[in-house]
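I record what I looked up, entry by entry.

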Amino acid sequence: MFHSVNDATGPVKMTTGRRGCRANFAASRRGIGLTLAVDAAGVTVWCNQPRRAGGALRPPVLQRDGAFPIVRRDMATHLPVIGGHAEGFGKTTRTDNWRGGPAITLVVFLTFIVYTTWAALQGNHYYVDPYLSPFYSPVLFADPSVAGAVPVSHAWFGAVPSWWPSKLISFSPALLILVFPGSFRFTCYYYRKAYYRSFAGSPPGCAVGPLAGTRTYRGETAALVFQNLHRYAMYFALIFIVLLSKDAVEAFFRDGKLGIGVGSVILTINVILIASYTFGCHSFRHIIGGRKDCMSDCGKPSLALGTWKRATWFNARHMQFAWASLVWVMVTDLYVRLLSMGYLRDLHTW
Ligand code: FES
């Protein structure tokens, strides 16, 4: 995407090279501030943050200009390349700390994957009356002989079925349900960006050389075929909000008596964060109104417009809710697990 810089007097442009540009404009300290474009008169160098004669920066007004479908090949052929892209994995002319974001993502996401896999395989210590770990909700089948398991009466379909291949893998209720929230997160539009950058290095950052620089782009014929199932994963995610809400409400009742404990609060925050993450989903926003060409109902406010606006609020914070809910769901499972194992004591009013 190219941008041109304009101010009140019209387009600000330079027809000289980098040196002239520096003299008249504030050339980017990060090395990526010089933007090439072409106007009707021929080759033009457009610079970000133009300076006035006295040296003061004029506030640039960035305008999207769809008239510049310039590809690097054209630039190399017809334009003096100023800045450009460095070739090779991790190579860039950026001088900011672009590695920070992908590195933190890698650590947090890897921690989540390792912990979730471990916790799901345990099959125990996922329930302490009245708290149920979100990794195990809903419990379809229960094995009451296991420590920290729900009573069979709490399971949707009773005891562990005889067809479970126990010789291959120990039974764990989480293994039956984690595919739904797992696929929702894995195909999330935001998480795609996160793991493409941090795990696949494809590319590791904007204007940074990708790991597989020479591989042919395969468009929607590769991982995207699976990732496009996101809208269907979203339907299940909506059901999980209802299930987790029920768990949160039940976390305030022990033996039929209303009360509150630290676990009640933790489970409640968990479902609020997961719901906030889900309501900001791009597929959800599309379904509740975004798919319509006209939401205002010919000037009158419509239900679609109202819900779309609310979803837009969550959508604008989708990344934040994605990380907050990811970390908190781990915290919730860990809390229930440590309570069940006897390492923690729950403060409560019962
Ligand atoms: S886009 Fe992130 S959950 Fe749908």
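**Entry 1: Helix H6**

I looked up H6 and found Tyr191, Ala194, Arg197 and Ser198 buried. A residue is buried if 20 or more other C-beta atoms, placed from the backbone, lie within 10 Å of its own. These four residues cover an arc of only 135° around the axis, which puts them on the same side of H6. The arc is that of the directions from the helix axis to the C-beta atoms. The cover over the buried residues of H6 includes H3, helix H5 (179–187) and H12. Two residues are in contact if their C-beta atoms, placed from the backbone, lie within 7 Å.

I noted that the model is predicted: local features need pLDDT of at least 70 and side-chain atom pairs pLDDT 80 or more, while totals for chains, interfaces and linings use all residues. Residues are numbered from 1 along each chain as its sequence is written.

**Entry 2: The chain**

I recorded 12 helices and 9 strands in the chain. Helices (H or I, at least four residues) and strands (E, at least two) are DSSP runs, numbered from the N terminus. Of the 350 residues, 27% are buried.

**Entry 3: H3 and H6**

At what angle do H3 and H6 pack? I found about 105° between helix H3 (residues 100–122) and helix H6 (residues 189–198), with the axes 9 Å apart. Axes are lines fitted to C-alpha atoms, for helices over the stretch in contact, and angles run from 0 to 180 degrees between N-to-C directions. H3 and H6 are therefore roughly perpendicular to each other (65 to 115 degrees). Pro102, Thr105, Leu106 and Phe109 of H3 make the contact with Ala194, Tyr195, Arg197 and Ser198 of H6. I sorted the residues of this contact into 5 nonpolar, 2 polar and 1 charged. Ala, Val, Leu, Ile, Met, Phe, Trp, Tyr, Cys and Pro count as nonpolar, Asp, Glu, Lys and Arg as charged, and the others, Gly among them, as polar.

**Entry 4: H9 and H12**

I then examined H9 and helix H12 (residues 318–341), whose axes come within 9 Å and cross at roughly 155°. H9 and H12 are therefore roughly antiparallel to each other (over 145 degrees). Among the residues that meet are Ile266 and Leu273 in H9, and Trp328 and Val336 in H12. The residues of the contact of H9 with H12 comprise 15 nonpolar, 5 polar and no charged.

**Entry 5: Helix H10**

In helix H10 (residues 282–290), I found Ser283, Phe284, Arg285 and Gly289 buried. The buried residues of H10 pack against helix H8 (230–250), helix H9 (262–279) and helix H11 (303–316).

Definitions and conventions. Buried ≥ 20, exposed ≤ 12 C-beta atoms within 10 Å, placed from the backbone. Parallel < 35°, antiparallel > 145°, perpendicular 65-115°, else oblique.
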